[in-house]
Amino acid sequence: MLRILFILTIFVSAFLLFQIQPMLSKELLPQFGGGASVWSASLFFYQTVLLLGYFYAHFLTRYPLKKQMVIHISLVVLASLISLNKFQVNFTLTPYWSVIANLLNQIGLVFMLLSATSVLMQRWYIERGENTVPYHWYSVSNLGSLLALISYPIIFEVFFSLQQQKDYWQIGLLIYCMLLISLAYKLLSMSTKKNKSPLPLTQKMSKKPNVLWIILSATSSIMLIATTQMISTNIPPMPLVWVMPLTIYLVTFSYTFANKSNYNRSVWVYAFILSAFAGLIMYFLGSQFNAVSQIIIYSFILFTGCMICHGELRELAPQSTLLTHFYLYIALGGALGSLFTTLLAPVLFEQITEYIVSLAVLLTLISYIQITKLKKINTLQIGASALWCGCYLVLYFSFNQYNVASQRNFYGYLTVKDINTAELAQRRLIDGTTIHGSQPLHGQNSLTNSYYHQHTGVAKSLAILKSQENLSMGVVGLGAGVLASLADKHDTVHFYELNPAVYKMANTYFDYLKNTQAKVNVTIGDGRVSLVNELKNNAPLMNALVIDAFSSDVIPAHLLTQEALELYWQRLSENGILVIHISNNHIDLLPVLQAHSTNFAKALIKFKHNSTKLTALGSEWVVLTSNQLFLDAIKVSDLSPLKSYPKTELVHWTDQKNSSLPLLKF
């Protein structure tokens, strides 16, 4: 019975620990523009608080067992009462630190205590007289974590609102408290005679750690976060994308720690060398693969890397009295890796170079471990590593030869490229891997190769509206400012741009904002928040609103929910048109927009332009409106056929409930 209570307590705590991570991070997405860095900052918080939890567990074991239980249970009850609190705190911090402060405000204490559970339970178990450290319980902890992660995107996110998810989580927290109290009661009621060889009550931090504990843990942490960022460059930042890499990270931990013999160094070394070359291909050409292929390939690379990191950690795992030391230094390594990837890498690198760094570090670690453990040099492995470095340099200079400027911040990484070849002479603004506006070089005026030329849906729609009345247009997403060129001196264009670096690039390297005859305003900040502020201030209504706010290759979900559409119609005149750019290789947004069309009783039409030239860009635009005069003016030949979705396949997005999982293109 006692053993079952130990295992159940560990399992429930792990489930709660990893269920809350995607839940609260998703809730924060709209506050920070829906960018992938929300998850990176969240992981830094989670891993840092995990480290604090292990520190707490380490120092708590200085006290006698009874005192440990009293202190821990008291703190858990207190933390449960204030978890997911509604305290309003205004943070005037950078986006990274704002994410961390928000999470600390909601779950800081309870997350730390939950993270200490697995270590404390193992420690309490061996303090009752067991001489063997139950490392296999770490697998039980990881099983709970895995079930939490897997169930979130396919069950909880799909079927329950965010508030319902929080309610169920707090019920789980109550169950955890009851299990903990029952376990403490059972331990205290047992005879202490069984405790024949208790562990020392104090442990000193003066014990020098094995440096590889920290390095291996940090490397796997860097790979985890960098892989998630690479996937999120083209696929929407969402729990499914977040939990897949984290699941792999935990599976490898669970598998290697379940049994020391599960890890075979020679097999995984060669598997990772193959993966490292696949990583180069994905780093430079990953956007050419569909969503499923990207997830599979990135997952395989991460799996082989984490198998080596965690397998080597299990090889180095100590016994009994150093138990909390070991977990503490693993957590320290994870926090340092997260710190590097989340806060330092965006300052040091203009691209997601930390992904390449993680591959290079692990290749180096493999060589070091082989030399120190086997006392011999593997020439094949060293040759493969040298070849990998050469391939990276060749690809790097090839892909960056046209770069004019680059900048990276919380919202992504931007590059201005001058493509000057026999087929194309064009300056492009690229967010991640997606073109967000272009301008012909050599003084040309043609937009033939852009998303916005006269044959595209947005250009045709605005031309029809202009023939009926002057434009008073809002554009959520600035890009290079190309849409300003479609307006004239009688028109007004108001851009809403989240990323200040985009505005800087558009002003410095492109001419659209400077040369337009229209009256142009630019507001820096999330488009939805800016529109809410205008609504409060009774700003004049617009007759066109263009949603073109891509984060790399995806529109943030909070710009396409029912509440967002309600706001758009409040800011548009009665005959206004809502134009949405839905070009995307990975997500089909039409089921969402058709659901909104039905809900708001608006006509929905689609324009699709397929380019016949390799140097030109195809585009897909949707227009929602009740302006019959506008609809009558459209040529039927200009429209693209609409796929008829059954009512059961329409996807109704709200702020509380939205998932991209049913929309992935396979």
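Student: Before we start, what kind of model is it, and how are residues numbered?
Tutor: It is a predicted model, in which local features need pLDDT of at least 70 and side-chain atom pairs count only at pLDDT 80 or more, while totals for chains, interfaces and linings use all residues. Residues are numbered from 1 along each chain as its sequence is written, and side-chain values use heavy atoms, with hydrogens and water left out.

Student: How many helices and strands are there in the chain?
Tutor: The chain has 21 helices and 11 strands. Both are DSSP runs numbered from the N terminus, helices being H or I with at least four residues and strands being E with at least two.

Student: And why is the chain called as compact as a globular protein of that length?
Tutor: Its radius of gyration is 27 Å, close to the 26 Å that the globule rule gives for 666 residues, so the chain is as compact as a globular protein of that length. The radius is taken over C-alpha atoms, and the rule is 2.2 Å times the number of residues to the power 0.38. Along the principal axes, the C-alpha trace spans about 90 × 60 × 45 Å.

Student: What percentage of the residues is buried?
Tutor: Buried residues account for 60% of the 666 in the chain. Buried means under 20% relative accessible area, exposed means over 50%, and partly exposed is in between (1.4 Å probe, protein chains only).

Student: What about the accessible surface of the chain?
Tutor: The accessible surface comes to about 27000 Å², and 61% of it belongs to carbon and sulfur atoms. Accessible areas come from the Shrake-Rupley method with a 1.4 Å probe; for residues, only the protein chains shown count as cover.

Student: Changing topic, how many salt bridges does the structure hold?
Tutor: There are 11 salt bridges in the structure. A salt bridge is a side-chain nitrogen of Lys or Arg within 4 Å of a carboxyl oxygen of Asp or Glu.

Student: Which residue does Lys460 meet in a salt bridge?
Tutor: Its partner is Asp638, with an N to O distance of 3.2 Å. The pair links distant parts of the chain, 178 residues apart: Lys460 is in helix H15 (residues 457–468), and Asp638 is in the segment after helix H21 (628–632). Asp638 is partly exposed, at a relative accessible area of 25%.

Student: Then which residue does Asp488 pair with?
Tutor: Asp488 forms a salt bridge with Lys466, and their closest N and O atoms are 2.7 Å apart. Asp488 lies in the loop between strand S5 (472–476) and strand S6 (492–497), and Lys466 lies in helix H15, so the pair ties together parts that are 22 residues apart in sequence. Asp488 is partly exposed, with a relative accessible area of 25%, and Lys466 is also partly exposed, with 26%.

Student: Lys606 and Glu620 next: are they buried or exposed?
Tutor: Lys606 counts as buried at 8% relative accessibility, and Glu620 is buried with a relative accessible area of 14%.

Student: How far apart are the closest N and O atoms of Lys606 and Glu620?
Tutor: They are 3.2 Å apart, in a salt bridge. Lys606 lies in strand S10 (residues 603–609) and Glu620 in strand S11 (residues 619–625), so this pair ties together parts that are 14 residues apart in sequence.

Student: Now backbone angles: what is phi of Asn538?
Tutor: Phi of Asn538 is near 55 degrees, a positive value in a residue other than glycine. Asn538 sits in the loop between helix H18 (527–536) and strand S8 (542–547), and it is exposed, with a relative accessible area of 69%.

Student: And Ala601, where does it lie?
Tutor: Ala601 lies in the loop between helix H20 (590–599) and S10. Its phi is near 55 degrees, again a positive value in a residue other than glycine, and Ala601 is exposed, with a relative accessible area of 64%.

Student: Last one: which residues is Val475 in contact with?
Tutor: Leaving aside neighbours within four places in sequence, Val475 is in contact with Leu483, Val493, His494, Phe495, Tyr496, Leu545 and Val546. Contact means heavy atoms within 4.5 Å. Val475 is in strand S5 and is buried, with a relative accessible area of 0%.
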